[in-house]
Protein chains: 2
Amino acid sequence: MNLAILFGGASYEHEISIVSAITLKDKLSSLNLEFIFLDQDHTFYYIDPSKMDAKTFSQGTYKKSPVLSLKQGGFSQKSFMGSKSLNFDKVLNLIHGADGEDATIASLFEFFNIAYIGPRKDASVMSFDKFMTKAYAYSCSVDTVSYELLSGQRESKIDFPFIIKPTRLGSSIGVSIVKSPEELDYALDVAYEFDNRLLIEPFIQGVKEYNVAGTMTNDGLKMSIIEEPQKEEFLDFDKKYLDFSRSEQVNEADISDDLRQDLYEAFTKIYNPIFEGALIRCDFFVVEGKVLLNEINPIPGSMGNYLFEDFTGLIKNISLPPKKEIRVKYTYLHTIRSAKGKA
Amino acid sequence: MNLAILFGGASYEHEISIVSAITLKDKLSSLNLEFIFLDQDHTFYYIDPSKMDAKTFSQGTYKKSPVLSLKQGGFSQKSFMGSKSLNFDKVLNLIHGADGEDATIASLFEFFNIAYIGPRKDASVMSFDKFMTKAYAYSCSVDTVSYELLSGQRESKIDFPFIIKPTRLGSSIGVSIVKSPEELDYALDVAYEFDNRLLIEPFIQGVKEYNVAGTMTNDGLKMSIIEEPQKEEFLDFDKKYLDFSRSEQVNEADISDDLRQDLYEAFTKIYNPIFEGALIRCDFFVVEGKVLLNEINPIPGSMGNYLFEDFTGLIKNISLPPKKEIRVKYTYLHTIRSAKGKA
């Protein structure tokens, strides 16, 4: 399979996307890989695999690479002899955060009819917005942590300590734990800097967290082992950043069969049907034995490769949702024209 | 102001978008208008204003028009002398349904940095999905009709008669009123043909309906008069279709000052802040004196021109949300490389 990996993007997570792509270059080395970099000005570049290191991007030498343009069915590269098409079977959307996870890339690829692994438009917007995620979980009969939505207000009904999160950013950006009233103003300022809608959730001391990844394959839904991530009070950006370069398989969490089954059940409910085409990771909390959805990562760091035994086989086997064809017959325009006595 | 009107799209509402565009050609005749047609195969065409009639599209002669390509900042048209840019200040997104209202066009225009009137990505996905609309209304403290969500099931807990709606289509496509158990199977088949998630709502006989349109302008939020639409049992596709060619101003609904104030308050709550940049129409029900949101039309038929006294002035004065600039500094890649002893 020829797989094109798309990374970068005009996103706060631009740099960790580069780290994810470099990690997958090694992890998926048995596939024919092409690399497409989207810079912060929305220009696509074809990156030679030998140039896939941090320096190419941090020093800006990627700008010497060939520029790619979107066209129906793929990407083309201008040359002196006209233009040639980039050759691939599908694209893996590995742009974390804005562009990749906010429906932009999904829209471009659907518009230009390009096969891709990644969340579709509605799945993107829904999981990019933490409030919409809660509404979606509710519709799937999966519980979440209780919450309050602030849009402009500077007070909360929830008791201290609580967590403040911008509704539409990933990777813990703008997130604060607020332990007392004195800390509130600063935390609100930081969060409102990134979003005009904030979510407040009670901070649950010592909550157990479990991660499960999975995807729909041609042989049905495949789920990863369950990981209990190591954590500080919560993952800050630096720590989470290093997380994107993981490639060693991790050990399965030591939990009861009942809890394992509950976690897999919750994942299955969340995945179906809107995430088909994407490999996602769900982060769950367990409070008093009850599984609560914390977050959906529709493009997890390095695609959660470390949670699967045969990651390459899984990527090759992901099933993409069928494209809905809408054909216009101009029946109504004909009807109106006939009614007016015109042919 | 040079305004480009974008219409068509790979949408079940392709034809009514053409009707909307023809209607606005007359209504906005004092502006400098350009017309961009998106055909069902996702090719953009520049349509000469003199060709803006039903025949151009129903007979397929639009294919002789110049093809336009997206580029950073706008559209370009190939010519023998290279390529030239289409000249406009902003685009009015007039594609109803898929493409226009499902975040595709919003994504393309944001990606290519094109100023446009129309719903943004999150506003699009949210109002395109009737279940997400209910969740959003809840977050804005606006009530809606009670409901049940079906995804695959063929039974409802709601008493007959009820309405079945696909969650993600406009213009009453796939919608049925089910009065008795015998009618259920057929109605479910029709609705599941269009979507895998359905909404069931109690059918409220003789419910009062009121429509309000509005937009954020440079002088604050401007709202239209309140209309009580004439209706059959409910608007079917044919009837709604003819609705898209309306251009005569309508009379204001004869309602109490209190109700008027409640409707305007509900509209204001729904509009802010995610619909900035769009001119939307909200359709409300009033049940036992209580205002319930029925539907948000983020690109209403012929832009609801018939609800405003000075529609042209309004279109000229719509304020567009500021673009959020994300600049990448490569701090983290530098940090990692320093940690590894590299420059």
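Visitor: What ipTM does the predictor give the complex?
Guide: This is a predicted model, so start with confidence. Chain A averages a pLDDT of 91, and 94% of its residues score at least 70. The predictor gives the complex a pTM of 0.91 and an ipTM of 0.89.

Visitor: What kind of axis relates chain A to chain B?
Guide: Superposing chain A on chain B takes a rotation of 180 degrees. The shift along the axis is 0.0 Å, and the RMSD is 0.0 Å. That relation is a two-fold axis.

Visitor: Do the copies meet through the same surface or through different ones, and what percentage of interface residues tells us?
Guide: Contact involves 41 residues of chain A and 41 residues of chain B. The interface residues of chain A are also interface residues in chain B, so the copies meet through the same surface. The share is 100%.

Visitor: Which helices of chain A each supply at least two residues to the side that touches chain B?
Guide: The side of chain A that touches chain B holds 22 nonpolar, eleven polar and eight charged residues. Helices that each supply at least two of its residues are α1 (14-27), α2 (54-58), α3 (104-111), α4 (121-128), α5 (130-139) and α10 (331-339).

Visitor: How many residues of α3(A) are buried?
Guide: α3(A) is mostly covered. Its buried residues include Thr104(A), Leu108(A) and Phe111(A), and Glu110(A) is also among them. They pack against β4 (67-71), β7 (90-93), β8 (116-117) and α4 of chain A, together with α3 (104-111) of chain B.

Visitor: Which element of chain A do the buried residues of α4(B) pack against?
Guide: α4(B), residues 121-128, has eight of its eight residues buried. Lys121(B), Asp122(B) and Phe128(B) are among them. Within chain B, they pack against α3, α5 (130-139) and β17. In chain A, the partner is α4.

Visitor: How far apart do the C-alpha centres of domain 1 and domain 3 of chain A lie?
Guide: Chain A is divided into domain 1 (2-117), domain 2 (125-144 + 205-317) and domain 3 (148-202). Six residues of domain 1 are in contact with four residues of domain 3. On the domain 1 side, those are two nonpolar, two polar and two charged. The centres of domain 1 and domain 3 lie 34 Å apart.

Visitor: Which residues have the most contacts inside the largest nonpolar core?
Guide: Nonpolar side chains tend to be buried together in soluble globular proteins. The largest nonpolar core here has 170 residues. Leu6(B) touches Ile36(B), Val91(B) and Ile95(B), among others. The residues with the most contacts inside the core are Ile5(A), Leu6(A), Ile5(B) and Leu6(B).

Visitor: Is Ile95(B) buried or exposed?
Guide: Ile95(B) lies in the loop between β7 (90-93) and α3 of chain B. Its contacts include Leu6(B), Phe7(B), Leu38(B) and Ile105(B). A residue needs 20 or more C-beta neighbours within 10 Å to pass the cut-off. Ile95(B) has 27, so it counts as buried.

Visitor: Which residues is Pro300(B) in contact with, leaving aside neighbours within four places in sequence?
Guide: Pro300(B) lies in the loop between β17 (290-297) and α9 (311-317) of chain B. It has 22 C-beta neighbours inside 10 Å, so it counts as buried. Its C-alpha atom is separated by 6.3 Å from that of Ile280(B), 20 residues away along the chain. The contacts are Ala213(B), Ile280(B) and Arg281(B).

Visitor: What is omega for the peptide bond from Phe160(A) to Pro161(A)?
Guide: Most peptide bonds are trans. The bond from Phe160(A) to Pro161(A) is cis. Pro161(A) lies in the loop between β10 (148-150) and β11 (162-166) of chain A. Omega is near -10 degrees.

Visitor: What phi does His42(B) have?
Guide: Most residues other than glycine have a negative phi. His42(B) is not a glycine, yet its phi is positive. The residue lies in the loop between β2 (32-38) and β3 (44-47) of chain B, and with 16 C-beta neighbours inside 10 Å it counts as partly exposed.

Note on methods
Residues numbered from 1 in each chain as written. Chains lettered and ligands numbered in written order. Predicted model: local features only at pLDDT ≥ 70, side-chain atom pairs only at ≥ 80, totals over all residues. Contact = placed C-beta atoms within 7 Å. Helix = DSSP H or I, 4+ residues; strand = E, 2+ residues; numbered from the N terminus. Nonpolar A, V, L, I, M, F, W, Y, C, P; charged D, E, K, R; others polar. Domains from an automatic or database assignment. pLDDT = per-residue confidence, 0-100. Least-squares fit on C-alpha atoms with pLDDT ≥ 70 in both. Core = buried A, V, L, I, M, F, W, Y, C linked by C-beta atoms within 7 Å. Buried ≥ 20, exposed ≤ 12 C-beta atoms within 10 Å, placed from the backbone.
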